[in-house]
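I opened my notebook to look up a few things in this structure. Here are the entries in the order I made them.

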Amino acid sequence: MPSLFEHLWSHWPYVIYILLMVIGLFAVLAKGNLVKKIIGLNLLQTAVFLFYISIGKVDGGTVPVYWDERPDAVYENPLPHVLMLTAIVVGVSITAVALAFVVRIKEAYKTVDEGEILALDEADRGAPEAELPRADAPEPEGGV
Amino acid sequence: MAGQLPALAVVVPLLVALLIPLVSRFNRRAAWWMVVGALGFAVYGAVAMLLDLCGSPIGTTIEYAMGRWAAPTGIEYVVDRLNGIVLTMIAAVGLITALWMRKSIRSEISEKARPGYYATFLLCATGYMGMAITGDVFNLYVFLEIASITSYVLIGMGRTRQALYAGYSYLIVGSIGATFILLGIGHLYMEIGTLEMADIAQRFAANPELYDSSVVRTSFAFFTVGLAIKMALFPLHGWQPSAYSRAPSAASLFIAATATKVSAYVFYRISFSVFGADFLISALPHIRDGILILAVAAIFVGPLLAIRQRCLKRLLAYSSVGQIGYIMLGVVLLNEDGLTGGVIHFWNHAAAKGALFCVAGVLVYRTGVSRVDALAGMGRTAPWTSAVMTVAGLSMIGVPMTAGFLSKWYLGAGALDAGRISIVPVLMASSLFTAMYVWRLVQLVWFAPKDTEPLVKEEAPWSMRIPALVLAAACLYFGLTSTSVDIARDAALSLGLGAP
């Protein structure tokens, strides 16, 4: 029976994935700055990439390209890598949409701090809807 | 063409959505027609598949291997009765919303943003259709993200700046949920080594000792928490009220009537068709009890929170929290009646909540506000809309002869069957709270003092009235006939409950 330390040491990629995930979650929950929250979200997603890639590791495995000189070669599992290509694209899209939101929030609220935004919303509470500050961004000249 | 329907029902809306921004450069009026056409086709596809399945023995599935790559190598679309029901719900609500939204969009979205709105809306519907139809867990994640990202954008397109913040908050919370689901898929793959749902189920059936693996249990935990965030299961419903109330009316109509229920469907699929019913019954009885407690808490707390809301859309959002509780209760009761009740509630809640959000949308369209007290006296000026609200409200309470009654009846019967009598009083209390907030609306609409000046000056335009009437008629139709119950019971039986 290996000790807990040895167990963790032999599974170090998982330890790093969990650490990264927790740091990311902490940033999302505890940071007030909207951009920092997005960074936290990215950390969380990166942790998942790392997790997937480490489950694709095969001991002594090589690049998963057929090698006719060595028919007995052991290959890494390429499937998790392929899945992560998709997940990376998804992650980039989410970051892009989130940053677009932050730009528009900055225009509408003049701040990117969660506390200040909530205070502004609280001040608007009970105001008739038509008089609430609009979300529409000023439309650029000759835009799409 | 019939053999290609599973693929076409998803691919046609997807391609049309991508064409909309292009076509809109030449013809601004085309976008709406394209949305209606694509969703009309999706309705045809979903209904044709469901009818086809209803004519065949229980347990039949329509399978479609993408690009003829047979599963488990390729990605397979699988339609059985359960997701036939869900697909019909998404496509039908999507089409009704599309028909309803034209005027509402004109008043709420700037002209420049409209083609983008239509394209995003159609993509969102495609994402949910894909989530329902796919038979591959990773493909499920991809469609989930398509549906999620587009809903963040739809919500953020509301008129006030609060919509931006609501969209952003939903994005953060929703992405955490989606990442958890991705981790669930990863842990499952790590232990089982395949992503095809039927294949995973087979391996679980062949090796029951896999149920004891801590990796499999971790996977189920990630799935449960991730999906609970996505479906706004109490106490993870925090994102829902501001998202629904700040979104444009047309977006909140579609998202409220379908989105959270698709995630609930995924939970059905994961519990029964991936892990297998035995997993919850024998391997994790305490987790089953835990989910049961959360579902019952949602049923109790949702309507209770709704009573004191001032904004109509917010009120409806809190009532959705309770309604998701009903659907989740259906899963964890794990018997025929309970499941039937949960499954018919997909349609019943979509009809009732859709109709109520139509009314909220008309309120915003006619008055510019969504306060509950703006409804005062609407019965005199807008009798049709008020009648829709009353019928849908009665269905939410669960009055006999409306659809909601059947859901509650079967869930109650399921609870008794499972020997959990204590759930029945909670269901009754929930109906009582629902009656309290629905009655508040009904009283404002029909029994306002004679001297109140109604804020709603006119009846809704026909383009908004007819879709709302169709939804209200559905509430009555499902309540008076046994069509939906028969289909739902067969769907529940085809899930395979395992040993009772």
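How many residue pairs are in polar contact across the interface of chain A and chain B? I found eight, both residues of each pair at pLDDT 80 or more. A polar contact is a pair of N or O atoms within 3.5 Å; within protein, one must be able to donate a hydrogen and the other to accept it, and residues adjacent in sequence count only if both atoms are side-chain atoms.

Ground rules. I am reading a predicted model, where local features need pLDDT of at least 70, side-chain atom pairs count only at pLDDT 80 or more, and totals for chains, interfaces and linings use all residues. Residues are numbered from 1 along each chain as its sequence is written, chains are lettered from A and ligands numbered from 1 in the order in which they are written, and side-chain values use heavy atoms, with hydrogens and water left out.

Interface. I looked for salt bridges (a side-chain nitrogen of Lys or Arg within 4 Å of a carboxyl oxygen of Asp or Glu). Between chain A and chain B the count is zero. Next I noted which elements of chain A give two or more residues to the side that touches chain B: helices H2 (12-30), H3 (34-55), H4 (79-109) and H5 (114-124). H4(A) gives the most, with 16 residues. That side of chain A has 35 nonpolar, four polar and nine charged residues. In contact (heavy atoms within 4.5 Å) are 48 residues from chain A and 39 residues from chain B.

Chain A. I counted five helices and zero strands. Helices here are DSSP runs (H or I, at least four residues) and strands are runs of E (at least two), numbered from the N terminus. Of the 144 residues in chain A, 31% are buried. Buried means under 20% relative accessible area, exposed over 50%, partly exposed in between (1.4 Å probe, protein chains only).

One residue. A:Val15 lies in helix H2 of chain A. From A:Val15 to A:Phe51 I count 36 residues in sequence, yet the C-alpha atoms are 9.6 Å apart.

Last entry. Which residues is B:Phe275 in contact with, leaving aside its neighbours within four places in sequence? My list includes B:Leu188, B:Phe204, B:Tyr211 and B:Val216. B:Ser219, B:Phe220, B:Phe223 and B:Ile270 are also on it.

Notes. Ala, Val, Leu, Ile, Met, Phe, Trp, Tyr, Cys and Pro count as nonpolar, Asp, Glu, Lys and Arg as charged, and the others, Gly among them, as polar.
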